[in-house]
Amino acid sequence: MLPAWLIFVASFGYLFLLFAIAYYGDKRADAGRSIIANPYIYTLSIAVYCTSWTFYGSVGRAASSGVGFLPIYLGPTLMFTLGWFVLRKIIRISKVHHITSIADFISSRYGKSHLLGGMVTVIAVIGIMPYISLQLKAVSTSFDVLLYSPGLNGTEGSGDFLLLGDTALFVALLMAAFSILFGTRHIDATEHHEGMVAAIAFESVVKLLAFLAVGIFVTFGVFDGFGDLFRQAAAEPELRSLMTMEDADSGWVTLTVLAMAAIIFLPRQFQVVVVENIDESHLRKAIWLFPLYLLAINVFVLPIAFGGLLRFPDGGIDADTFVLALPMAEQQPWLVLFAFIGGLSAATGMVIVATIALSTMICNDLVMPVLLRFPWLRLTERGNVSGLLLGIRRGAIVLILLLGYLYFRLIGESYALVTIGLVSFAAAAQFAPAIFGGIFWKGGTRLGATAGLSAGFLVWVYTLLLPSFARSGWLPVEFIEPGPFGIEFLRPYALFGLAGLDHISHSLFWSLLVNAGAYVAVSLAGRQNTIERIQATVFVDIFHQPGNEAAARMWRGSATVADLKALAERFMGAGRVHEAFTGYARKHQFDLDRMQEADGELVQFVERLLAGVIGAASARVMMASVVKGEGVGLDEIMEILDEASHVLEYSRQLELKSLALEEATEELTAANERLKELDQLKDEFLSTVTHELRTPLTSIRSFSEILHDNPDLKMDERQKFLLIVIHESERLTRLINQVLDLTKMETGSMEWRMAEVDMKSVIEDAVATLSRLFDERNVALAVNLPDRTSVIRGDRDQLMQVVINLLSNANKFCWPDVGRVTVTLTAGSEYLTVSVSDNGPGVALKDQQQIFEKFHQVLDAETGNPMGSGLGLTISRRIVEHLGGRIWVDSTPGQGSTFSFRIPTPPSPVN
Amino acid sequence: MPEFSQRNERIVALFVVGVLAFNPPLLRVFDAGPDVMLFGIPLLYLYLFLAWAALIVCVALLIERPKRGSGKQEAFASRETKIRRDSG
């Protein structure tokens, strides 16, 4: 139907058009008028996700499982719903740190580790190998269908035109050449491939239009709309199950999860979504436009699948080729050509971006670190290295495509497209724990990520890759059944006896389990070093950072501007470096020519610039070769930071301590004043006591002297004097006892004999004891006591003393003959109150509080002499307060006074 | 991100709705077999594509609503309208 030459002319013409677009895109970018700086081109470039898998494979999958092809597109839709959190964060981090690939991202996050970067690269290359082989298979199959399908084509045998005979190899080499032309024309400071993005976006339009054209033709041309198509299909018994979840159910959830991971973590998706992103705000549109694109390209998958199944009921045509076979069978040569070009664009888009992304990773994270390790290569001192970089990348592209071809030759021919692709998705999903953990959890360590990635990757190899070799005959088939060395336990499709899952779900479960498990466990068990800690904070808190200015300011190494410039030129070429430097100088407003020593910020700028070309880890090594002295010295920065924080901590503590000290000083001052006061009180007390002691002593002494000196005194005189001596001695004894009691109470060494005491009897006893005193001065004493006993808890002797004190005071202050004293006991519900009233002179208001103080003596209103020892009331108060009660005085001067105290009664009435 | 909190919550809610809508328990509800067709299309297909489209529309409305500008401006604008409403 289509002559072979036309197919080739069209293919080459299309590729040439792509190249022209890319060239134009690069030119515009160089001129500063980017054609890709809008969200629509960005969205279309993300649509590189739709490869031959989508273009041919979806129909094949739909023909066998109904809606089972959809999770691959629903997953990305869900992930893009969360894009505002996840993607934006990854994009921001990558922009700030000039991340060039997913390997660079992971290595950068975990302390710029070469090992991790290399490992991610290896996993990516091996993991993507099946995916690339899928594209080769799809393109070569589409060639074969066009050229050799006699049943469809009509004209037979035009394939002689193909000199190489091996379409896939031919396609692989062609694509390699194409990718090299596209992606490695020069080394760019920003690592943006604007031309490539423009071409990819164009391809996305082409494949969408081509697929829609075929879909519309099948639905409305071959059949009479959706209704007719589905009605016919529903009439076929074997097709009915495709309209249910029956065949789609198995692995539905797994596929969704896989696709969610793949849309970010496939190296090519990371490349277009993150690395090639020009403006973060473009994401806003892409978040809903990209799912819309997916929706559009999937609308006609089911109609084409059913159309194919209805049109070719005998199963002689591979469902993966329905997109071509249907228009061919309907004799639509131009539509066939368009569909073929669409399939070609889907495949080339994927291969170009994937190989460019992978070659960057191989160069920056695998080869360069190794080369930098060999001192004899003198790479750190050599002249222009950008040629070497380009060489490595070009070699890597060829290598990747040849690996893909090899996998296709070894394995791919026996599998359907989607099955091959899913193996790659499962490999890409291994990056999920390290990246999600890396951007949301500061605790993830380099060792944790290394352990998780390697464990997950090994399980993937064991449960997916090796069995596929075994099934294709490259390993003994016994490896799968009954298991390696006959150990059933280790069967790769039913590891540890986990049977009943499809292969992909089974592998995904085990690999992610050990991956995430090892990542978390090792991270928690270990510790981060300085640079890991810095990077973890920088990544996780990317939205809360002013930038790296602080670190730059702390930088203490020295480097000349000329050295830095020379270093950058070796990797990027003089022109681009000059541009970058003048741009930087303009922005920061200084004269580069006059500036000799680079400051920290410029050094950081150059390191980021280099990181954009050779990756963060290698850039660090290269910078260290130029920077003199302590170098970039992150450890040192950290030390300084630590020191600073220590100093801060010390000063904070000092401040706290001085505050505490001030408080203590204040307390001390207060205590001191109190002490002084007490001291003064003690002095007063002592002087009073001495005075009090001296008075009776003087009196005793003088009367004794009189008795001694006058032996001829009359008997009654003698008796009288002796009585005075006895009284004064008694007073002295009492005083000394009181002082002792008070001291005991104050120091707490008083012994209290607590018992149940009947207050009534206490008062009766006291009254009996004092009745003689009252009689002597002819003071009337009235006693008001209740009939019942009134029991409280206390020390009987002490209580007795209180009553005696109060009574004798009352007696003392009453005028003889007219004095009247009343003692009353009232039993309340909570308290027993004892009041002693007299009709003496009363207590002046100002004295009412002070009379309970030590040695506060009320002077006799008439004689001006003290009338008591000054200790009685003090002791009474101490006793009452000790028993939980209160003592007070009510008095109106001139009308007598009432001294009262009350003691709480025990809670349960004892009587 | 915290300045966006309400929109963030809505985004997460949409994500959860999407996860629920596109997974087995709910899918089974619409899995009515080949004989139940609406507009000539099997119910399962119609549901999947319409739910998909609805999710995209919701996300678009949510993400695009504040034309240009940051969350702070958004918050400021909403506060402004509120104040105006309060005062008017």
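In this predicted model, A:Thr355 has 0% relative accessibility and therefore counts as buried, the limit being under 20%. Its place is in helix α17 of chain A, which spans residues 333-373. From there, the side chain of A:Thr355 makes a polar contact with the side chain of A:Ser179, at 3.1 Å. With residues up to four places away in sequence set aside, A:Thr355 touches A:Ile132, A:Ser179, A:Ile397, A:Ile400 and A:Leu401.

Helix α13 of chain A, residues 267-275, is mostly covered, with 9 of its 9 residues buried. The buried residues of α13(A) include A:Arg268, A:Gln269 and A:Gln271, and also A:Pro267, A:Phe270 and the run A:Val272, A:Val273, A:Val274 and A:Val275.

Turning to charged pairs, the structure holds 11 salt bridges over all chains. In one of them, A:Glu330 pairs with A:Arg311, and the closest N and O atoms are 2.8 Å apart. This pair links distant parts of the chain, 19 residues apart: A:Glu330 sits in the loop between α16 (322-329) and α17 of chain A, and A:Arg311 in helix α15 (residues 301-311) of chain A. A:Glu330 has a relative accessible area of 25% and is partly exposed; A:Arg311, at 35%, also counts as partly exposed.

A:Asp797 forms a salt bridge with A:Arg753, with the closest N and O atoms 2.9 Å apart. Here A:Asp797 belongs to helix α32 (residues 796-813) of chain A, while A:Arg753 lies in the loop between α30 (715-747) and β1 (754-758), 44 residues apart. A:Asp797 is partly exposed at 46% relative accessibility, whereas A:Arg753 is exposed, with a relative accessible area of 52%. The other bridge joins A:Asp765 to A:Arg796, again with 2.9 Å between the closest N and O atoms. A:Asp765 is in helix α31 (residues 759-777) of chain A and A:Arg796 in helix α32 of chain A, so this pair ties together parts that are 31 residues apart in sequence. Both ends are partly exposed, A:Asp765 at 32% and A:Arg796 at 31%. Elsewhere, salt bridges that share partners join A:Arg88, A:Arg92 and A:Glu280 into one network.

Chain B meets chain A through 37 of its residues, which are in contact with 40 residues of chain A. About 3,600 Å² of area is buried between the two chains, and carbon and sulfur atoms give 76% of this area. The interface has 1 salt bridge, formed by A:Lys285 and B:Glu64 with the closest N and O atoms 3.5 Å apart. There are also 6 residue pairs in polar contact across the interface, both residues at pLDDT 80 or more. On the side of chain B that touches chain A, at least two residues each come from α1 (5-21), α2 (24-30), β2 (41-42) and α3 (43-64) of chain B. Of these elements, α3(B) gives the most, with 12 residues. By class, this side of chain B has 26 nonpolar, 6 polar and 5 charged residues.

As for confidence, chain A averages a pLDDT of 80, and 88% of the residues score at least 70. Residues 629-633 of chain A stay under 50, with 8 contacts beyond four places in sequence in the model. Residues 860-866 of chain A are also below 50, and this stretch has 9 contacts beyond near neighbours in sequence. Where pLDDT is low, the predicted coordinates should not be read in detail.

Key:
Residues numbered from 1 in each chain as written. Chains lettered and ligands numbered in written order. Heavy atoms only, no water. Helix = DSSP H or I, 4+ residues; strand = E, 2+ residues; numbered from the N terminus. Buried < 20%, exposed > 50% of the residue type's maximum accessible area, 1.4 Å probe, protein only. Polar contact = N/O pair within 3.5 Å; in protein donor to acceptor, adjacent residues only side chain to side chain. Contact = heavy atoms within 4.5 Å. pLDDT = per-residue confidence, 0-100. Salt bridge = Lys/Arg side-chain N within 4 Å of Asp/Glu carboxyl O. Buried area = accessible area lost by both parts, 1.4 Å probe. Nonpolar A, V, L, I, M, F, W, Y, C, P; charged D, E, K, R; others polar.
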